[in-house]
Amino acid sequence: MKKLIFLSLFLVSLTLTSQEKATLDYYLPSNTNYNKNIPTPESIIGHEVGEWHITHDKLVYYMQALAASSDRISIENRGETFEGRPLLLLTITAPKNHGKIEQIQKDHLSITKETGATQDVSNLPVVVYQGFSIHGNEPSGSNAALAYAYYLAAAEGDAIEKLLENTVILLDPSFNPDGLQRFAYWANTNKSSNLNPDNNDREYHEVWPGGRTNHYWFDMNRDWLPVQLPESRARIATFHKWMPNILTDHHEMGTNATFFFQPGEPDRVHPLTPKINQELTTEIATYHSKALDNIGSLYFSEENYDDYYYGKGSTFPDVNGGIGILFEQASSRGHIQESENGILTFPFTIKNQFTTALSTIEAAENMRVKLLLYQQQFYKDALTENSKNKTKTIIFGDAKDAAKSWHLAEILQRQKIKLHHLKSDAKINGKAFHKENSYVVPMNQRNSRLIKAMIEKRTTFTDSLFYDISAWTFPLAFNLDYTEVNSTANLGEEITALPTLSGSVGNLSNYAYVFEWNEYYTPKALNKILNKGIRAKVGEKPFSVEGNTYDYGSILIPVQNQKLNPEELHTFLKEVAQESYIDIISVGTGHTLGIDLGSGSFQALEKQEVAIIVGNGITSYDAGEIWHLFDQRYNINLTKLDTDYFSRTDLSRYTAIIMPNSYRGIDKAASEKLKMWVKNGGTLIGYRNTTKWLAKNEFIDLRFKNDTLVAKDITYEQKQSFFGAQVTGGAIFETKLDRSHPINFGYKNDVLPLFRNTNIYIEPDKSSYNNPIQYTSNPLLSGYISEEKLKLLSNSVPFQAKSLGRGKVIVFTDNTNFRAFWYGTNKLLMNAIFFSDML
Ligand SMILES: [Zn+2]
């Protein structure tokens with residue numbers, strides 16, 4: 001009985017009554033003294049932790065104040081987000097470690113190198129990278145970071161001092177500053193002073209696109225491998241600088257859940273992750289369960305979440321000699337919410353994150369030598385694997401697209417993968433590689449496992465369920481020429497810093513300028529030319545002139561009858577070439593082999609005004625990828641039209657409108673308006689499930705292949721796995737191209753890998769020339785797809801273009817702009833826009 005009373009008292013103090021304000025002691029361990037000279041969060045930000053949602057600017061003030069008052073903390077700004085917010089990192093360790101922090105970092109890094117294979121690790125600190133709220137609307141992490149950083153700065157006594165002597169903590173208080181700020185604004189502006197747990201309240205229903213993502217609506221917890229976003233660049237640089245032994249990633253999940261920590265599903269671990277990694281994860285987990293038991297908090301592990309895609313924060317360390325840990329806390333979303341587990345308060349969610357941040361460093365300290373030895377062994381084993389294959393090299397490039405090859409090289413450099421120039425132009429395994437736009441990667445290097453994770457093609461799997469994509473093979477995503485050889489003969493000089501990209505224009509011409517369409521940034525160039533009011537044409541057929549050959553889709557700029565005189569035009573094109581990294585060639589005659597420059601096979605091009613439909617009903621990721629592509633890569637204006645006011649907008653100024661993935665499309669008034677606009681000559685481009693909506697609403701006539709899957713001998717328990725196995729979560733497939741079709745201008749090969757994460761299959765048109773992109777008969781290149789779905793996909797078409805009135809409706813069943821790293825298919829959208837009249 002006595003015991004029972006004690007327990008219930010304990011739980012009351014844990015859960016807070018629904019209107020009670022949490023003070024700092026609610027989070028902190030009670031039996032500890034705190035240094036009075038360290039400012040509490042409340043003293044700087046003006047409210048208690050958990051009373052309001054922390055805005056990023058206040059979080060920055062607090063972390064700076066903390067660093068200024070504590071000799072345990074140093075703070076640095078590693079860059080800024082798209083919205084200009086600082087990307088802070090706090091390095092927290094014992095003051096005496098701070099005095100020799102560079103040496104500690106060097107010694108730590110050295111155990112991952114060949115020279116460190118026998119190094120004594122017993123006296124080295126363990127390195128723990130703790131990151132919070134990469135999804136901005138999963139705020140308990142970043143809010144917990146306030147109390148956690150305070151604790152690390154202010155706690156007194158032997159235990160914490162010893163811990164800090166043995167540990168270097170890299171504290172990243174907000175993985176996603178722009179998203180956190182957006183969400184805090186929402187939750188705070190909708191808060192009632194009488195906290196309202198009714199989950200119908202507006203407080204718990206953010207407006208589109210929500211705070212999960214960054215400025216361009218990217219899920220940054222998918223970017224650890226491709227490193228395309230500024231926030232990831234800062235993180236990955238810190239990661240490779242320190243090679244942490246443990247990296248934690250604090251998230252939130254549904255309100256009715258409890259708390260999750262890894263290990264996740266045992267069968268869903270990437271095969272390149274060593275078995276011991278999961279054993280260590282399990283051992284670390286014992287610290288979390290003990291800590292959560294102590295505060296009476298429910299939790300689970302070994303289910304739901306996987307450890308497969310290396311682009312996630314909790315999986316990326318697993319292929320880099322560390323241990324990645326995912327935490328998922330049930331979300332109160334706003335300040336307090338009803339849940340199946342009773343009233344869920346925001347402070348309670350923060351407390352769980354705080355508690356597991358603490359149990360993580362406790363585990364790290366106790367397992368320090370074990371974790372360091374594991375890391376050392378990981379790299380020793382990687383080098384041993386290489387010793388069987390010391391001369392293996394990977395060669396990639398694109399003879400006609402230097403920028404695209406350069407961008408893959410850039411990713412490899414960010415991931416600290418050693419890379420060389422190609423020694424000289426060569427034809428290797430039937431593919432032509434040019435010295436100036438090809439790269440060679442020797443497999444005999446410490447990061448060989450990471451290289452494998454980035455380039456391998458995998459088509460067999462032990463499990464058919466994936467939390468995220470099942471393939472991300474980079475040379476396929478970049479559509480590069482790629483080969484492997486067992487020889488170092490092609491190895492040129494090692495690249496320490498990538499040479500910058502450049503472009504040029506030939507001598508002043510009084511006749512014409514020409515450039516091919518293959519280079520990645522040609523749409524940027526063409527857009528700038530057309531915006532300037534310069535006339536340009538596109539060649540429908542190949543030709544050669546003055547010793548150079550030009551493929552389908554080459555751009556012609558005549559000199560005469562332009563609004564710029566020949567000198568001005570030359571100067572302008574020089575600027576265009578330099579900004580877009582392309583070579584523009586001067587031509588002195590219109591007489592060519594093939595179509596002459598005055599031929600009717602050159603089609604005049606028009607200046608484009610492009611809009612995109614965004615808002616409720618549209619998938620924000622897909623829309624954001626397109627916005628980012630236009631704004632960051634091609635400098636093309638893209639007007640975002642919200643579904644909210646679309647039907648009241650005058651569309652007449654737009655030449656093209658993009659409708660990203662949508663399941664339910666737009667409302668009837670908006671739909672009628674859009675159709676009228678197409679009939680009057682507009683180009684509508686629909687993606688993924690929008691294809692089905694457009695067909696249903698009679699924008700385009702398409703025939704779909706439907707699946708006839710029936711569950712036979714499937715029990716109720718197996719139902720979820722049965723349907724899960726039919727999901728194409730993200731895999732790579734081969735298509736064959738009709739290169740003479742304008743949608744394929746700028747592609748030099750007859751095959752093109754496409755990324756696909758939908759189950760939509762369009763029957764080919766009966767006229768073969770209307771099927772310029774078609775899945776091959778056995779299209780799987782990399783990743784998981786069920787046998788049934790693969791059969792449907794074979795020979796189907798991912799692209800169709802049809803007339804509607806005087807306009808065009810163009811559909812893609814697949815996302816050609818996936819997560820900013822699918823450079824290989826970005827040009828398809830540009831072709832659909834600039835060459836729509838010819839489609
Ligand atoms: Zn999350």
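Two strands count as paired if DSSP finds at least two bridges between them. Keep this in mind for the sheet below. The model is predicted.

**Exercise 1.** In what order do the 6 strands of the open sheet lie, and which kind of pairing do they show?

*Solution.* 
- Step 1. Go across the sheet from strand to strand. The order is E27-E26-E28-E29-E34-E33.
- Step 2. Check the pairing. It is mixed.
- Step 3. Look at the edges. Strand E27 (638-642) and strand E33 (799-804) stand there, each with a single partner strand, so one side of each has no neighbour in the sheet.
- Step 4. From one strand to the next it averages 20°.

**Exercise 2.** Find how strand E26 is joined to strand E28, then name the helix that packs on the sheet.

*Solution.* 
- Step 1. E26 covers residues 610-614 and E28 covers residues 656-659; the two run parallel, joined by 3 bridges.
- Step 2. Take Ile612. Its bridge partner in E28 is Ile658.
- Step 3. Now the helix. H23 (residues 826-834) packs on the sheet and touches E26, E28, strand E29 (683-687) and strand E34 (807-812).
- Step 4. Compare directions. Those of H23 and E29 make an angle of about 155°.

**Exercise 3.** Which residues coordinate the zinc ion? Describe the site.

*Solution.* 
- Step 1. List the donors. His135 (ND1), His251 (ND1) and two OE atoms of Glu138 coordinate the zinc ion, at 2.0 to 2.6 Å.
- Step 2. Read the spacing in sequence. The donor residues follow H-x2-E-x112-H.
- Step 3. Four donors count as tetrahedral if all angles lie between 85 and 135 degrees. Here the angles among the 4 donor atoms are 54 to 155°, and the site is irregular.
- Step 4. Check burial. His135 and Glu138 are both buried.

Methods: Residues are numbered from 1 along each chain as its sequence is written. This is a predicted model: local features need pLDDT of at least 70, side-chain atom pairs count only at pLDDT 80 or more; totals for chains, interfaces and linings use all residues. Side-chain values use heavy atoms; hydrogens and water are left out. Donors are N, O and S atoms within 2.8 Å of the metal (3.2 Å for Na, K and Ca); water is not among the atoms, so sites may look incomplete. Four donors count as tetrahedral if all angles lie between 85 and 135 degrees; four count as square planar and six as octahedral if opposite donors are over 155 degrees apart and all others between 65 and 115; anything else is irregular. Buried means under 20% relative accessible area, exposed over 50%, partly exposed in between (1.4 Å probe, protein chains only). Helices (H or I, at least four residues) and strands (E, at least two) are DSSP runs, numbered from the N terminus. Axes are lines fitted to C-alpha atoms, for helices over the stretch in contact, and angles run from 0 to 180 degrees between N-to-C directions. Contact means heavy atoms within 4.5 Å.
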